[in-house]
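This report covers two local features of the structure shown below.

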Amino acid sequence: MERPSMKLAGKVAWITGSGRGMGRAHAELLARYGADIIVHDVLQDEAAITAKSVEKLGRRVFVTHTDITDTAGIRAMVAEAESALGPIDILVNNAGIGQHLAIEDITLADFDRMFDIHVKGSFFCGQAVIPGMKERRRGKIVNISSIWGMNGANTASHYCAAKTAILGLTKAWAKELAPWNIHVNSVCPGGVITEMPIKVQGWDRIREKEQKVPLKRWAQPEEVSGAVAFLASAEADFITGQSISPNGGETIVGF
Amino acid sequence: MPLLEGKIALITGSGDGMGRAHAILMAERGADIVVSDIRAEPAQATAEEVRKRGRRVHVVIADMADVAQVKNMAEEGAARLGPIDILVNNAGYGQRLETMDITEEDFDRMFAVHVRGSFFAAQAVIPAMKERRRGKIINISSMWGMTGAPVASHYCAAKAALLGFTKAWAKELAPWNIHVNAVAPGGVRSGGPMKLDNSEILKAKEAKVPLKRYCEPVEIAYAVAYLASPESDFVTGQVISPNGGEVIVGY
């Protein structure tokens, strides 16, 4: 689909976990809207595919495989990426993992890894770009949470709580960073058809779950990207501390 | 192809302010517009802006408090431009009164325009949306509908009721692939507050917003246009509040 404008022309967007799934869809849509992309994923082959796709769209790309829990490595990587592409305007904290485990089966290692990747990872990726954003007095941070972070679920409580913590970061950062015109928002996807749920849950279970969604389907990854691109653009310059949940009507709450 | 190419949008209260901004932005993105307003002159001025952008337009003068006029507005709009793909329930007004000063007449008109008007506008366009199994309804609520305010409780409650419709319609209409969402503006530099507040009060209010400003009407229109577009086809029953960080709540 052709786009109405190049609303991200000249912007540099860093998208963590963009080797596949929703992260790749965000990279592709933001590139379509004119942004150059930092493709960041520990999965090297997958990152290379996303990078190729961004290049095909005529945008510049910087690829990194830095472990998101390595905070010193992240800082060094950001310096390198910025010298290649220029200052980072947009950070999409998308990297994450899923793990369907009952409370008693979650080990200390599971717990730490879940919070390290989602929460500590998002926090220190933010910390790495915020000084530059403050200096330029503009910036966009989009944190990817989940409807499970809003609602909870009957499994994966470590995942649910990590995603809720990301909503906490969003609200606090929105307030702390507003004086520098840095806008911080969340996107909370509902059911999305990516490799992760296909592998963990299987198609039969997905089809069953789709029937419980008012729109009777799960989304394609790019349907989440529309919300990310909107929040990353100047069109959302008066929106901060909010969340958009593309979830097919599965969760309707708050106000 | 622009994101709203070939769509037909009915925008109530589009004679000025935010409603006009919605009409202009959606026309720029390819939509034909049914301009509806109670005031003929501003409505014609908006229509001219739509025409300038190469889109078709039809103007209906309607009082949203009159259900017969609301029905006629939807029917006439569809007859002239084609079935309505997008309804923006934007018509509304503010009235800065304390509870003890709100008369029955004030109360009735506030709810008639915002709540009853929006309900029957939707009722008028939903059958054709169901038939085509697609549609977008965007209800314009307000930050005050979410948080309340120390004044204008009838306005606050009417705006809250629009959030109630949004959530219920999202569920009721999902089987027909009709998406219903709300936009709840914070401070906007449009007719209402500019008229009601002198510049000193406005400045003091802007200072309390984390982003230290009120927004321009078009900044609300961007959220409306996103919710009207296929990019939000998995978003329903949600609220986007462009409010500069003034209200951060719920999830």
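## Polar contacts of Asn247(A)

The model is predicted. In it, the side chains of Asn247(A) and Ser245(A) are joined by a polar contact of 2.7 Å. A polar atom of the Asn247(A) side chain also lies 3.1 Å from the backbone oxygen of Thr251(A).

Apart from neighbours within four places in sequence, Asn247(A) is in contact with Ile147(A), Gly190(A) and Val213(A), and with Phe234(B), Thr236(B) and Gln238(B).

## Helices α1 and α9 of chain B

In chain B, helix α1 (residues 17-28) and helix α9 (residues 217-228) have axes that come within 8 Å and cross at roughly 50 degrees. The arrangement of α1(B) relative to α9(B) is therefore oblique. The crossing of α1(B) and α9(B) is right-handed.

On the α1(B) side, the contact is made by Gly17(B), Met18(B), Ala21(B), His22(B), Leu25(B) and Met26(B). The α9(B) side contributes Pro217(B), Val218(B), Ile220(B), Ala221(B), Tyr222(B), Val224(B), Ala225(B) and Ala228(B). By residue class, the contact of α1(B) with α9(B) has 12 nonpolar residues, 2 polar and no charged.

Technical notes. Residues numbered from 1 in each chain as written. Chains lettered and ligands numbered in written order. Predicted model: local features only at pLDDT ≥ 70, side-chain atom pairs only at ≥ 80, totals over all residues. Heavy atoms only, no water. Polar contact = N/O pair within 3.5 Å; in protein donor to acceptor, adjacent residues only side chain to side chain. Contact = heavy atoms within 4.5 Å. Axes fitted to C-alpha atoms, helices over the stretch in contact; angles between N-to-C directions. Helix = DSSP H or I, 4+ residues; strand = E, 2+ residues; numbered from the N terminus. Parallel < 35°, antiparallel > 145°, perpendicular 65-115°, else oblique. Left-handed = near helix turned anticlockwise from the far one by under 90°. Nonpolar A, V, L, I, M, F, W, Y, C, P; charged D, E, K, R; others polar.
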